[in-house]
Amino acid sequence: MPDERLARFEAVYRETYGQITAYAVRRCDSPQDAADVVAETFTIAWRRMDDLPSGEEATLWLYGVARNVLANHHRSESRRKARSAELDVKMADRYADSPDSRLQREAIAQIFRALPDGDRELLALVAWEGLDHKDIATALGLSRNVVRVRLHRARRRFSRALTEAGIRSTPESRLAPAERSL
C-alpha cells in the first residue's frame, strides 16, 4: 500500500510540477519564494494524498492548494514588511539629524538590510524587542559575553556604514531602547 501511495504521488508530481511551478513563479517576487510555495504545495499534497483527486482534477486541486499557500505567503510577507518598516522608523528616529526626507530614511533602511544577518538579528532584538544582553543570550543560546562582543561589533559596523553614507549619529542614537540601558 505505501508503495502505491508513493507511486501515485510521484506520478502526480511529475505531471504537475511544471504547471504548479509556473503558477508560483508568476505570482511571487523571487524565484526563492516560488520554490518555497511549490515545496509547501507538494508537501501538503503528500500529507493529504487521500484528498487528492485523480486525473485532471489533481492539477486543479493542486492549483487550489498553491493558491492557499500563496495567500499565506503573501500575508506573512506583508507582516514581515510591516515589522521591517516599523523597525526602520524606530532606528531612523534614533539619529540626531532626524531623517525628515524619505531618501534618508530609505538609506538607513537599506544600510540596515545590507548588514549581515547576525548583526541585523542582534540589533533588532535590542531596538525592536527591547531585550538586554541576558535575554538575548538566552534567546540565542549564547553567553552574555559573546552577545556583548557581537552586539558591540554589530553596532560599530552599522555606525560605520551610516557614516560612510553621510548619515551622522549622536551618542544618544545607540541602538538601545530609551527606557532600558544595556
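The expected span of a helix is 1.5 Å times one less than its number of residues. Welcome to this predicted model, in which local features need pLDDT of at least 70, side-chain atom pairs count only at pLDDT 80 or more, and totals for chains, interfaces and linings use all residues. Residues are numbered from 1 along each chain as its sequence is written, and side-chain values use heavy atoms, leaving out hydrogens and water.

**View 1. Helix α7 from end to end.** Helices (DSSP runs of H or I, at least four residues) are numbered from the N terminus. With 21 residues, α7 reaches 30 Å from its first C-alpha to its last, close to the 30 Å expected at 1.5 Å a residue. After α7 comes G166, whose phi is positive, near 85 degrees.

**View 2. Where α5 meets α7.** The axes of α5 (residues 117-127) and α7 (residues 144-164) come within 9 Å and cross at roughly 100 degrees; axes are lines fitted to C-alpha atoms over the stretch in contact, and angles run from 0 to 180 degrees between N-to-C directions. That makes α5 roughly perpendicular to α7 (65 to 115 degrees). Contact (heavy atoms within 4.5 Å) involves D119, L122, L123 and V126 of α5, and R150, L151, A154, R155, R157 and F158 of α7.

Conventions. Helices (H or I, at least four residues) and strands (E, at least two) are DSSP runs, numbered from the N terminus. Angles under 35 degrees count as roughly parallel, over 145 as roughly antiparallel, 65 to 115 as roughly perpendicular and the rest as oblique.
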